[in-house]
Amino acid sequence: RIHINGFNQPFVELHNFGAYVDTLLMGKIDPDGWVAMNAIPTAAHTIWGVLAGKVLVSNQRPGRKVQTLLIAGAIALLIGYGLDKADITPIIKRISTSSFVFASGGWVLLALAVVYWFVDVMQNVRYAWFFSVMGMNAIFIYLFFETIGSGWLNRVVGIFTGDLLHRFGLVSLGVGGVISAVAALALDWALCYWLYKRQIFFKL
């Protein structure tokens, strides 16, 4: 526990150490509870992704790869939800607690195992290209969404889709939000498809 007046509640929004660090880095606290420090524990996701990738490109037989991913995912889920249920560390995304890192990482590893088995092992590749269009430019679309997308495009799309339908009383506010999100996703996919057709791929 950090003994700083006003910031000594580690799992309370706006009163945790991450919020205190934000006052030092940026001179303000994010009203939605996000903290810059979550970049440190979130790095574990990137490391897990690298390790999972090494498993997939290894010389192990496909069944063994699936088994490894499933076991790792199950263990991560047990640790993540165990920490939460034992009231040691609650699952909080915006400050990226250890339990959140384990729980979210566990679900991703399980999903990766299922997709790898379904597409690569069972050779159900007919529709895989639809997802490959965005996957081949994952870094680009992530940065685009976090900058132009969330800052401008999503709002503009919302105005002319879900918001417009809601204003005319055709759909509820919740349904309008879903329609706007799907429309924005479709435009993001179309942008990636344009890059895909021209063999333009952004990589680190």
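The legends below describe a predicted model, beginning with the whole chain and then moving to close-up views. Residues are numbered from 1 along each chain as its sequence is written, and side-chain values use heavy atoms, with hydrogens and water left out. Because the model is predicted, local features need pLDDT of at least 70 and side-chain atom pairs count only at pLDDT 80 or more, whereas totals for chains, interfaces and linings use all residues.

Figure 1. Helices (H or I, at least four residues) and strands (E, at least two) are DSSP runs, numbered from the N terminus. From that terminus on, the order of elements is α-α-α-α-α-α-α-α, and the C-alpha atoms fill a box of roughly 60 × 55 × 35 Å, taken along the principal axes. Of the 204 residues in the chain, 26% are buried, where buried means under 20% relative accessible area, exposed over 50% and partly exposed in between, with a 1.4 Å probe and protein chains only. Among contacts (heavy atoms within 4.5 Å) with a separation of 6 or more, residues 24 or more positions apart account for 50%.

**Figure 2. Helix α4, residues 98-121, and the helices that its buried residues pack against.** The 24 residues of α4 should span 34 Å at 1.5 Å a residue, and the end C-alpha atoms are 33 Å apart, which agrees; the expected span is 1.5 Å times one less than the number of residues. Buried positions in α4 include F100, V101, L109, L110, Y116 and V119, as well as the glycines G105 and G106. The buried residues of this helix pack against α2 (39-56), α3 (62-85) and α5 (128-135). Just after α4, Q123 takes a positive phi of about 60 degrees.

**Figure 3. The largest pocket and its lining.** A pocket is defined on a 1 Å grid over the protein atoms alone, as an open set of points where a 1.4 Å probe fits, with protein on both sides within 12 Å along at least five of seven lines; lining residues have an atom within 4 Å of a point. The largest pocket holds about 1400 Å³ of space, and 30 residues line it, with G49, V108, L112, G135 and A138 lying nearest its centre. The elements that give two or more residues to this lining are α2, α4, α5 and α6. The largest share, nine residues, comes from α4.

**Figure 4. Aromatic rings, with F140 and F144 as a stacked pair.** The structure holds twelve aromatic pairs, counted for rings of Phe, Tyr and Trp (its six-membered ring) whose centres lie within 6.5 Å; planes under 30 degrees apart count as stacked, over 60 as edge-to-face and the rest as tilted. The ring centres of F140 and F144 are 5.9 Å apart and their planes stand at 25 degrees, so the pair is stacked. Both residues lie in helix α6, four residues apart, about one turn of the helix, and F144 counts as buried at 15% relative accessibility. Elsewhere, ring pairs link W129, F130, F131, W189 and Y193 into a cluster.

**Figure 5. T161, in the loop between α6 (138-160) and α7 (162-167).** T161 is buried, with a relative accessible area of 19%. Its side chain makes a polar contact with the side chain of S180 at 3.3 Å; such a contact is a pair of N or O atoms within 3.5 Å, and within protein one must be able to donate a hydrogen and the other to accept it, while residues adjacent in sequence count only if both atoms are side-chain atoms. Not counting residues up to four places away in sequence, T161 touches I179, S180 and A183.

**Figure 6. Helix α8, residues 173-197, and the segment after it.** At 1.5 Å a residue, the 25 residues of α8 should span 36 Å, and the end C-alpha atoms are 36 Å apart, which agrees. In α8, G176, S180, A184, D188, W189, C192 and L195 are buried, and what covers the buried residues includes α5, α6 and α7. Q199, in the segment after α8, has a phi near 55 degrees, a positive value in a residue other than glycine. Q199 is exposed, with a relative accessible area of 55%.

Key: Grid points are joined across faces, edges and corners, and a volume is the space filled by probe spheres set on the points.
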